[in-house]
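Please look over the sequence and the fold below before reading on. The paragraphs that follow take the sheets in turn and then the core.

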Amino acid sequence: MLFRSLLATFAIALIPASAFARPANNACANAIGVSAGGTFNGTLVGATNDGVATCGSSATNPDVWYSFTAGTCAVRLVLDTCGSNAAFGVDTVVSIMTLCGGFELACNDDHGTGAAGCGLNDSQTSLVLSPSQTVKIRVSKFSTRILAPFTLHVRYEPVGYVPPPTRVRPKARHARSSTPTTTTAAATARRACSSPSSSARPIAPPPL
Ligand SMILES: [Ca+2]
Ligand SMILES: [Ca+2]
């Protein structure tokens, strides 16, 4: 029995520590929703690879996932990991996919411009999304650099009003009032899509 116990202990010791602590969003299918925007603290520690990317030598590296769905407005989605390299030593790579196992829409390894609060190894990327479009956000790391925590900032702002796909015609012309109606759903949507969202922040220039 003692031998068996020692053998079991030895076997457990051989299992990598990462096997005990997978991030909740390790699999793309378990992507964390970030549609409201904001700051999200994540980690690559314990993550495994289930995605690909075309930049940052990260195609086979461990990755974690987030999901963003645009509302009724077309939006410019802007992602960055600014501050992560300075805080945790991680060299992030951020990419945007159409869906799990889908096509890559954008990828950035290093922000490159060294904007305020953004290190040269931090990532930033952006993409214009159609109303209701969902994308998957992959966070990974460059080549052989360390697995570590990171901070993902998610911002978005409307890029213009997009009319709904169908319109309700007036029942009768003579029923129209000479006074313009300003409280229709369309007018409300137009106003909503013409002003920045409450979570939108000034957007930095795209990476070089
Ligand atoms: Ca993964
Ligand atoms: Ca990087």
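In what order do the 5 strands of the open sheet with mixed pairing stand? Their order is 1-3-8-5-6, where a strand is a DSSP run of E of at least two residues, numbered from the N terminus, and two strands pair if DSSP finds at least two bridges between them. This is a predicted model, in which local features need pLDDT of at least 70, side-chain atom pairs count only at pLDDT 80 or more, and totals for chains, interfaces and linings use all residues. Residues are numbered from 1 along each chain as its sequence is written, while chains are lettered from A and ligands numbered from 1 in the order in which they are written.

The edges of this sheet are strand 1 (32–33) and strand 6 (104–108), each of which pairs on one side only. Within the sheet, strand 5 (residues 92–97) runs antiparallel to strand 8 (residues 134–141) over 6 bridges, and Thr92 has Lys141 in strand 8 as its bridge partner.

Another open sheet, of 4 strands in the order 2-9-4-7, has antiparallel pairing, with strand 2 (38–43) and strand 7 (124–129) at its edges. Strand 2 is joined to the antiparallel strand 9 (residues 149–160) by 6 bridges, and Gly42 stands opposite Phe150 in strand 9.

In soluble globular proteins, nonpolar side chains tend to be buried together. Here the largest nonpolar core has 31 residues; such a core is a set of buried Ala, Val, Leu, Ile, Met, Phe, Trp, Tyr and Cys residues joined through C-beta atoms within 7 Å, buried meaning that 20 or more other C-beta atoms, placed from the backbone, lie within 10 Å of the residue's own. Tyr66, Leu77 and Ile137 have the most contacts inside this core, and strand 8 and strand 9 are among the strands that each supply at least two of its residues.

Conventions. Buried ≥ 20, exposed ≤ 12 C-beta atoms within 10 Å, placed from the backbone.
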